[in-house]
Amino acid sequence: MTRFTSHMALALDQARAAALRGEVPVGAVVVDPAGRVVAAEGNRTRELSDPTAHAEILAIRAACRIVGSERLPGHDLWVTLEPCPMCAAAISAARIGRLYYGASDVRMGGVEHGARVFDHPQCHHRPQIYDGIDAEGARALLVGFFRDRR
Ligand SMILES: [Zn+2]
């Protein structure tokens with residue numbers, strides 16, 4: 001029996017660290033079925049010159065490496081911002097059990113906005129979704145980041 005623990009604070013730490021690197025502040029954490037954190041990552045698209053280096057992708061890659069499988073059934077993904085369509089597709093492909101996210105993303109989101117990847121008939125795995133977790137904290141980070149860059 002595992003006790004419910006929010007890992008959003010850790011995801012927000014990763015988002016803050018990303019902002020300090022000059023990256024869009026988004027952080028993601030993967031938790032295994034036993035409740036252990038197996039990966040915690042922030043955006044690194046600029047650092048790696050890689051448009052796919054979103055926090056969720058990096059966290060899923062790291063977790064898969066540790067588990068030794070391309071699938072992460074029973075694992076939870078915590079992310080500070082609504083995943084984009086690319087990340088939502090990766091979450092589905094990885095068979096993530098539960099997705100917890102913070103702020104919604106009207107512009108780039110692909111879960112409740114835009115492509116709505118998990119609602120698409122071609123989507124073969126839909127995680128349980130819990131949104132709006134510490135959304136204010138995640139949003140404040142993003143707003144501050146884009147304001148300071150102007
Ligand atoms: Zn993404």
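Residues are numbered from 1 along each chain as its sequence is written. Because the model is predicted, local features need pLDDT of at least 70, side-chain atom pairs count only at pLDDT 80 or more, and totals for chains, interfaces and linings use all residues.

The largest nonpolar core holds 40 residues. A nonpolar core is a set of buried Ala, Val, Leu, Ile, Met, Phe, Trp, Tyr and Cys residues joined through C-beta atoms within 7 Å. A residue is buried if 20 or more other C-beta atoms lie within 10 Å of its own, exposed if 12 or fewer, and partly exposed in between, with C-beta atoms placed from the backbone. Val29, Val30, Ala59, Leu77, Trp78 and Val79 touch the most other members of this core. At least two core residues come from each of α1 (8–20), β1 (27–31), β2 (37–42), α2 (55–67), β3 (76–81), α3 (85–93), β4 (98–103) and α4 (135–148). Helices (H or I, at least four residues) and strands (E, at least two) are DSSP runs, numbered from the N terminus.

Contacts were assigned from C-beta atoms, placed from the backbone, that lie within 7 Å. Leaving out residues up to four places away in sequence, Val30 touches Val38, Ala39, Ala59, Ile60, Ala63, Leu72, His75 and Leu77. Tyr100 sits in strand β4. Tyr100 counts as buried because 23 C-beta neighbours lie inside 10 Å. Its C-alpha atom is separated by 4.8 Å from that of Trp78, 22 residues apart along the chain. Trp78 is also among the contacts of Tyr100, with Met8, Asp76, Tyr130 and Ile133, when residues up to four places away in sequence are not counted.

Strands β1 and β2 run antiparallel and are joined by 5 bridges. Two strands pair if DSSP finds at least two bridges between them. Ala28 stands opposite Glu41 in β2. The hairpin of β1 and β2 has 5 residues between the strands, and there Gly35 takes a positive phi near 90 degrees.

The UniProt annotation "binding site", from an unreviewed entry, covers His54, Cys84 and Cys87. These residues span 34 residues in sequence, yet no two of their C-alpha atoms are more than 9.2 Å apart, so they gather at one spot. UniProt positions follow the numbering used here, feature names are shortened, and annotations may be inferred rather than shown by experiment. His54 is found in the loop between β2 and α2. His54 counts as buried, with 27 C-beta neighbours inside 10 Å. Beyond four places in sequence, His54 is in contact with Val26, Asn43, Thr45, Cys84, Met86 and Cys87.

Cys87 lies in helix α3. With 28 C-beta neighbours inside 10 Å, Cys87 is buried. Its contacts beyond four places in sequence are His54, Glu56 and Ile57. The "active site" annotation in the unreviewed UniProt entry covers Glu56. Glu56 belongs to helix α2. Glu56 is buried, with 29 C-beta neighbours inside 10 Å. Not counting residues up to four places away in sequence, Glu56 touches Ala28, Leu77, Val79, Pro83, Cys87, Ala90 and Ile91.

In α3, the buried residues are Cys87, Ala88, Ala90 and Ile91. Seen down the axis of α3, they fall within an arc of 160 degrees, so they line one face of the helix. The arc is that of the directions from the helix axis to the C-beta atoms. Their cover includes α2, β3 and β4. Just after α3, Arg95 takes a positive phi of about 60 degrees.

Methods
Two residues are in contact if their C-beta atoms, placed from the backbone, lie within 7 Å.
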